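The following exercises concern a single protein chain. Please study the sequence and the structure shown below before reading the solutions.

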Amino acid sequence: MAHDEHPTLRFLGGTGTVTGSRFLLESNGARILIDCGLFQGYKQLRLRNRAPFPVPPSSIDAVVVTHAHLDHSGYLPALVRDGFSGPIICSSGTASLVGLLWPDSAHLLEEEARFAARKGYSKHDSPAPLYTTVDAERALESVSARRFGETITLPGRVEAELHHAGHILGAAHVRFRASGRELHVSGDLGRADDALMIAPEPLSALSPAHALLVESTYGDRAHPVTDPAEELAPVLERVLGRGGVVMIPAFAVGRAQALLLHLSRLRRAGRIPNAPIYLNSPMAVDATALYRAHPDEHRVTGDDFADLYDLATMVRTVDDSKLLNLRGGPMIIVAASGMLTGGRILHHLAAYGGDARNAIVLTGYQAGGTRGAALAGGAESLRIFGREIRIAAEVVQLQSMSAHADAEQILDWMRDASVEHAYVVHGEPDAADVLRGRIERELRVRARVPEQGEQVEI
């Protein structure tokens, strides 16, 4: 590899789409991969997960992970299996969460492959998972937890520093220094007004950056000022009042905990009927305990945590999950996954989705091509486990529960910082382009949306 004077950055994912976060920093002969996520959503994106990695995994010296969500970390078990042998650097919160997320992801992939083989709905004679539980456990051995604010020395004379990003437990925005140049990566930014997580550390508190990678998931819109509890209350009152089942697909990490927080406050205030609430995700149950172990990163007090555990029945076993499908309403089921791409929520949809008394409450961003996006768009049936399931249940999309900063909050985070060049990533094309325009006009910072595979000098 040529020893360039300026470090280079190659966009291997997270461009033209919200998912598949993968950026390759090359400096002084070393390769540092920033995030290593799964592509989710449309099939042509998901197929990239099966393509050979754009550079040989064995040629990568280290990986720095901004946070645990699978679209930022979920490809790492495959990368390690295929030859990557360096350290995986992240915060301690992220290290704890990937310990839950990767084995769970592998288990779901194995289950899906077995199911497809048994039911014969795969185009392959013997469908294989993208990676296995063994691959996930092996990747976890390479994880190296670091403190926020610590200077981390990486190969190629590169330094990195993690800063609180809010969003979910352990989430970081990251400063890289290489050959006198400074690169900053936003990761996924949380909201300053989030009910669960603390606000992101401001970019302006850091030294000037030559280049900034900034997310744009909500780059073309503003979150409503509604309190999520105010949005939830009438839906729950209406559906539970008619004896219905409220199914809430939720990311096991972050969204599930925020939902329980709002539900417990509504219940305490007597705002919702006293129907049973089930948290049907072993990973969400475990993640809730991890939040308790990192009190400096969120706003939940000990009393609130006690309420969360008193409020919901924690469902762990498959048998108990199946029993929920026989129970009927009124009840609330919170289960993964948040965009209906897999997990126990699909079994509940198959059981209860056809009944108009019931409701499906979407609580966050639904990437194009997911079942969640199809439902939000008015789909009257969903393909689940190889068959079409009719959806007659009421579908409600909450607007106030996103854990991502909106356009205004992203611009505020950047506002007083010194940035030479911004690269707008992690957004659908419209959102990324709108944010690009606003950064140029309002902040007077050169900005553009990079192409997949493009390489730039820092």
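**Exercise 1.** Determine how far apart the mean positions of the positive and negative charges of the chain are.

*Solution.* Lys and Arg are counted as positive and Asp and Glu as negative, while His and the chain ends are not counted. Each charge is placed at NZ of Lys, CZ of Arg, CG of Asp or CD of Glu. The chain has 46 positive and 55 negative charges, and their mean positions lie 5 Å apart.

The model is predicted: local features need pLDDT of at least 70 and side-chain atom pairs pLDDT 80 or more, whereas totals for chains, interfaces and linings use all residues. Residues are numbered from 1 along each chain as its sequence is written, and side-chain values use heavy atoms, without hydrogens and water.

**Exercise 2.** State what share of the 458 residues is buried.

*Solution.* A residue is buried under 20% relative accessible area, exposed over 50% and partly exposed in between (1.4 Å probe, protein chains only). By this rule, 58% of the 458 residues are buried.

**Exercise 3.** Identify which residues touch the most other members of the largest nonpolar core.

*Solution.* A nonpolar core joins buried Ala, Val, Leu, Ile, Met, Phe, Trp, Tyr and Cys residues through side-chain atoms within 4.5 Å. The largest core has 78 residues, and Leu79 and Leu97 touch the most other members. Leaving aside neighbours within four places in sequence, the contacts (heavy atoms within 4.5 Å) of Leu79 include Leu33, Phe53 and Phe84. Another core, of 26 residues, lies apart from it, with Phe11 and Val456 among them.
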